[in-house]
There are 2 protein chains.
Amino acid sequence: MTPEQIKQAIEDLIGTDRVRLDGEALDIYGRDWTKIHTPRPRAIAFPRSTEDVQAIVRFARENKIALVPSGGRTGLSAGAVAANDELVVVMDYMNKVIDFNPVDRSVTVQAGMITEQLQKFAEDQGLYYPVDFASAGSSQIGGNISTNAGGIKVIKYGMTRDWVLGLKVVTGAGDVLELNKGLIKNNTGYDLRHLFIGAEGTLGIITEATIKLTRPPKNLTVMVLGTPTMQDVMQVLKAFQSQVDLTAFEFFSNNALDKVVAHHQLQRPFDSVTDYYALLEFEAETEEVMDRAMQVFEHCMEEGWVEDGSISQSEAQAQSLWSLREFISETISHETPYKNDLSVLVSKVPEFLKEVDDFVAETYPGFEIVWFGHIGDGNLHLNILKPKDMEKDAFFEKCHHVSDKVFAITQRYAGSVSAEHGVGLVKKDFLHFSRSPEELAYMKAIMQVFDPGNIMNPGKMFDA
Amino acid sequence: MTPEQIKQAIEDLIGTDRVRLDGEALDIYGRDWTKIHTPRPRAIAFPRSTEDVQAIVRFARENKIALVPSGGRTGLSAGAVAANDELVVVMDYMNKVIDFNPVDRSVTVQAGMITEQLQKFAEDQGLYYPVDFASAGSSQIGGNISTNAGGIKVIKYGMTRDWVLGLKVVTGAGDVLELNKGLIKNNTGYDLRHLFIGAEGTLGIITEATIKLTRPPKNLTVMVLGTPTMQDVMQVLKAFQSQVDLTAFEFFSNNALDKVVAHHQLQRPFDSVTDYYALLEFEAETEEVMDRAMQVFEHCMEEGWVEDGSISQSEAQAQSLWSLREFISETISHETPYKNDLSVLVSKVPEFLKEVDDFVAETYPGFEIVWFGHIGDGNLHLNILKPKDMEKDAFFEKCHHVSDKVFAITQRYAGSVSAEHGVGLVKKDFLHFSRSPEELAYMKAIMQVFDPGNIMNPGKMFDA
């Protein structure tokens with residue numbers, strides 16, 4: 001079918017001006033934040049309703065046209081890239097609040113709603129949507145769910161998965177399913193909702209979601225602590241967790257701090273220099289909670305796990321301590337980093353990190369590693385910086401070798417080769433490091449159940 | 001195959017004294033708490049390891065023998081009943097702690113561990129396993145996971161689903177899968193772990209689970225509040241939820257309180273008599289939290305949502321207030337109750353409850369209804385008591401008519417016909433009130449993927 005024929009056929013189904021074929025649209029809607037693959041979609045469709053999406057899916061199935069569901073396109077694994085003549089289904093116009101109920105503390109939205117708008121909506125109701133990450137200003141809730149987005153508050157609030165009370169989806173076979181309907185308790189057979197969460201659009205298209213909201217946090221307080229070793233970071237985590245409900249527990253290495261402070265002309269949080277830093281956040285709801293946190297801090301100092309520390313006295317200070325962690329990614333982007341998103345059991349982090357460090361140091365002595373991540377969840381962002389005198393292509397070639405080895409180490413630690421970024425095109429060749437051949441076979445069989453024509457985001461996650 | 005042949009074949013595979021054929025074993029291990037169906041298993045097997053379970057499943061698949069996985073057999077939906085010549089796989093001897101890690105705050109146990117033992121283990125480590133319910137002294141963790149058990153702390157801690165970090169399972173096809181391996185963050189394709197949670201043994205047998213633990217609650221404080229209407233109960237819920245992190249929010253009707261007080265010779269919590277009572281629990285960690293709770297209480301009094309209230313000043317008092325709610329089930333068991341376990345959106349509870357009340361009052365004026373439940377989760381336990389002068393058979397026949405009508409009302413409210421008890425044999429004919437024909441078709445297809453021989457708990461949940 002030519003692009004023009006597709007446009008005609010779909011507009012006959014869902015109305016005029018709902019398909020674009022122009023070069024600008026093909027370029028914008030064919031890519032995500034990965035920028036590795038050249039976008040080459042056949043056409044771009046703009047549904048306005050679940051019925052529109054269903055009509056498009058049924059048309060695609062009948063005509064064997066591959067579909068790529070497209071949200072905010074902020075993914076880092078090329079899950080929403082259309083590089084193979086696909087029809088892209090853009091959710092931008094399905095961005096409305098459908099229902100809100102203050103007693104249930106739940107909101108039903110169309111899948112194209114931007115994360116930040118959902119956060120804002122919750123705030124306006126005196127409530128809180130706690131899943132937060134760098135791309136919240138562009139990412140859409142349907143995409144968040146399809147990739148089970150994580151972020152900086154997982155230690156307290158969990159992943160996107162934990163906030164989805166219900167989903168409306170169109171399966172690859174063209175059926176509309178209403179999954180769980182917003183209920184808290186519903187033990188009536190397999191919970192298909194959880195299959196669609198994190199499925200990266202390979203089973204169908206999420207069109208609506210019912211999202212749980214919670215009360216806003218009170219007096220968020222941030223500590224940055226200087227710690228000599230990764231073992232100490234773990235001791236600090238354990239000590240605080242036993243006394244305080246943490247809302248975040250991040251870490252970064254000293255070279256990360258050096259770079260951020262220099263690049264953004266910030267002050268160091270304190271004079272002492274240590275190999276690692278822990279950033280932790282908690283609700284200092286009452287003075288007693290604050291006293292307890294200070295006691296733990298003093299205990300950590302006495303034990304030698306912490307050499308120095310700084311605590312926020314205001315929201316502004318909390319924000320400025322967060323900057324030390326949040327600016328790392330942007331800061332090192334100027335040094336052509338090779339990035340990986342790994343996780344292992346929290347308790348295995350020090351050993352795992354050392355093994356990766358040692359391997360890189362031995363094999364490529366010139367490579368600088370910058371570590372940071374959501375250490376309270378076992379999620380490490382490994383960044384290898386390009387030596388100034390090395391060509392980019394040569395660097396990335398060496399990094400591919402690093403990747404294979406790092407994933408093999410990850411497998412040995414029973415870890416994940418994609419903690420929060422998903423699989424898409426970027427990680428699909430490495431999926432076997434985290435999932436067994438049997439699991440992969442079951443996954444493919446499940447895909448066949450929901451998408452028998454293999455039209456839903458084909459080639460993403462795995463090849464059918 | 002005769003029972004003796006099965007015994008011989010399995011003991012050849014996993015060792016002697018691992019299969020029982022005696023009448024006592026057939027009777028004990030063939031039933032659960034429902035006592036509706038007559039147990040009629042063919043044989044009872046007692047595996048000691050995942051390898052044993054795998055050998056049994058492969059043997060059963062080859063020889064087309066139906067298997068019933070059997071935990072603590074405390075289910076209320078006949079999910080673990082063996083009434084059709086099945087081979088029962090008893091997990092009682094797989095009850096060990098395999099691994100515990102204080103930094104991860106996770107414990108890996110065999111599926112046959114009793115819930116209370118897990119709670120006790122956590123306590124001994126200074127930690128807490130918060131999923132709790134009446135049958136915790138007998139139920140096993142594998143069964144809890146297979147039925148996604150709920151209970152009295154769901155409003156804060158969620159269902160069993162929310163505490164499972166990893167599963168080891170043997171599928172109906174005989175494969176061993178290690179699902180999620182205890183990781184907090186792992187976005188590497190479909191999360192098959194969530195399919196096995198709540199699958200009631202129809203996809204395979206859970207042999208090990210990695211369970212998340214948390215810090216123990218501090219100074220749990222209980223309030224019982226007298227509320228004139230169900231709308232008031234909802235206002236009270238909303239008011240408290242905005243200021244205090246509740247660990248429980250239960251309700252019961254005045255006739256429930258009357259019966260408990262009379263039967264157990266307890267004191268009423270206060271003199272005022274109201275149609276409904278709310279029981280709420282929270283961590284009074286600090287005086288400030290307690291002050292805030294008292295302010296909300298006073299606000300509720302001023303608004304007329306609450307007429308009177310009582311608050312625990314000690315652990316003993318907290319326990320005695322809990323008794324008013326927890327003794328209901330046992331108290332009314334002497335009046336031959338017809339029970340249902342329903343849920344709707346929390347906000348729909350008053351309207352739904354009134355509609356059911358009105359229907360029963362109009363159709364069967366002699367029937368007394370006792371309501372109680374986990375109202376903070378929208379989970380209502382509907383109990384209809386047998387009139388003293390009515391024969392049991394006639395009563396249950398009329399109740400079947402009530403059931404059909406109540407489920408139809410539940411469907412109209414987009415609710416669940418089994419909030420926490422599961423489907424099993426008891427609810428399978430009513431599953432269509434909560435799941436669409438399309439959903440049921442997908443569920444059956446998924447079952448085929450994991451259990452192509454249809455040997456895993458056949459006839460439970462639905463017919464293949």
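Guide: B:Phe59 is a residue of helix H3 of chain B, which spans residues 50-62. The model is predicted. Is B:Phe59 buried or exposed? Its relative accessibility is 8%, and because buried means under 20%, B:Phe59 counts as buried. Beyond the residues up to four places away in sequence, B:Phe59 touches B:Met1, B:Ile6, B:Ala9, B:Ile10, B:Leu13 and B:Ile65. B:Asp429 stands 370 residues from B:Phe59 along the chain, and the C-alpha atoms of the two are separated by 31 Å.

Another buried residue is B:Glu439, with a relative accessible area of 2%. B:Glu439 belongs to helix H15 of chain B, residues 437-450. With residues up to four places away in sequence left out, B:Glu439 touches B:Ser434 as well as A:Leu177, A:Glu178, A:Leu179 and A:Leu192.

In soluble globular proteins, nonpolar side chains tend to be buried together. For B:Ile211, the contacts outside four places in sequence include B:Val107, B:Leu118, B:Tyr129, B:Ile141, B:Ile145 and B:Trp163. B:Arg105 and B:Ser106 are also among the contacts of B:Ile211.

Helix H8 (residues 230-241) and helix H10 (residues 287-303) of chain B have axes that come within 10 Å and cross at roughly 150°. H8(B) is therefore roughly antiparallel to H10(B), and the crossing is right-handed. On the H8(B) side, B:Val236, B:Ala239 and B:Phe240 take part; they meet B:Ala293, B:Val296, B:Phe297 and B:Cys300 of H10(B). By class, this contact has 7 nonpolar residues, with no polar and no charged ones.

Two backbone details remain. Most residues other than glycine have a negative phi. B:Glu200, however, has a positive phi near 55° and is not a glycine. B:Glu200 is placed in the loop between helix H7 (193-196) and strand S9 (204-212) of chain B, and at 8% relative accessibility it counts as buried. A:Asn454, also a residue other than glycine, has a positive phi of about 50°. A:Asn454 lies in the segment that follows helix H15 (437-450) of chain A, and at 28% relative accessibility it counts as partly exposed.

Conventions: Residues numbered from 1 in each chain as written. Chains lettered and ligands numbered in written order. Predicted model: local features only at pLDDT ≥ 70, side-chain atom pairs only at ≥ 80, totals over all residues. Heavy atoms only, no water. Axes fitted to C-alpha atoms, helices over the stretch in contact; angles between N-to-C directions. Helix = DSSP H or I, 4+ residues; strand = E, 2+ residues; numbered from the N terminus. Parallel < 35°, antiparallel > 145°, perpendicular 65-115°, else oblique. Left-handed = near helix turned anticlockwise from the far one by under 90°. Contact = heavy atoms within 4.5 Å. Nonpolar A, V, L, I, M, F, W, Y, C, P; charged D, E, K, R; others polar. Buried < 20%, exposed > 50% of the residue type's maximum accessible area, 1.4 Å probe, protein only.
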